[in-house]
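Hello,

Here is the structure you asked for. Please have a look, then read my notes below.

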Amino acid sequence: MVQYRDTHFFSEFERNIFDILPGLAYYCKFIPSKTDTPYDYSLILQYASKGCFELVGVSAAEFIKQNKNVLEHLMTDDDAKRTHNYSYDQVEQKKSYEMKYRIKLDSVVN
């Protein structure tokens with residue numbers, strides 16, 4: 001069973017599609033900093049598809065439970081900085097976006 005922190009983001013149909021596709025689909029909530037420092041924010045994982053276990057060896061429920069910025073801990077250091085700044089810029093401009101990045105499989109915390 002996939003865990004959702006909040007289920008209103010996707011319809012049941014969309015969740016079923018995400019769960020049969022290979023790889024990991026996820027949705028994060030953007031939490032801006034309480035300071036005025038640019039690029040200072042957190043991402044709170046709201047949804048993770050079943051592909052999470054196959055890709056990183058952790059169930060979707062556990063992945064979500066690990067809470068904020070878990071994705072950045074999986075990324076290579078150079079990709080983490082690049083995607084962090086790019087995400088911030090896109091959210092500030094109210095644009096949707098997608099990214100590709102490398103992950104370090106040995107960095108998954110159980």
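Contact here means heavy atoms within 4.5 Å. The model is predicted: local features need pLDDT of at least 70, side-chain atom pairs count only at pLDDT 80 or more, and totals for chains, interfaces and linings use all residues. Residues are numbered from 1 along each chain as its sequence is written, and side-chain values use heavy atoms, with hydrogens and water left out.

Start with threonine 83. It sits in helix α5 (helices are DSSP runs of H or I, at least four residues; strands are runs of E, at least two; both are numbered from the N terminus). Threonine 83 has a relative accessible area of 2%, so it is buried (under 20%; exposed is over 50%, partly exposed in between, with a 1.4 Å probe and protein chains only). Leaving aside neighbours within four places in sequence, it touches Tyr41, Met75, Met99 and Tyr101.

Next, α5 as a whole. Its buried residues include Asp79, Ala80, His84 and Tyr88.

Now the rings. The whole structure holds 4 aromatic pairs (Phe, Tyr or Trp rings, the six-membered one for Trp, with centres within 6.5 Å; planes under 30 degrees apart are stacked, over 60 edge-to-face, the rest tilted). Phenylalanine 30 and tyrosine 88 have ring centres 6.2 Å apart and planes at 50°, so this pair is tilted. The two residues are 58 residues apart, in strand β1 (residues 26–32) and helix α5 (residues 77–92).

Best wishes
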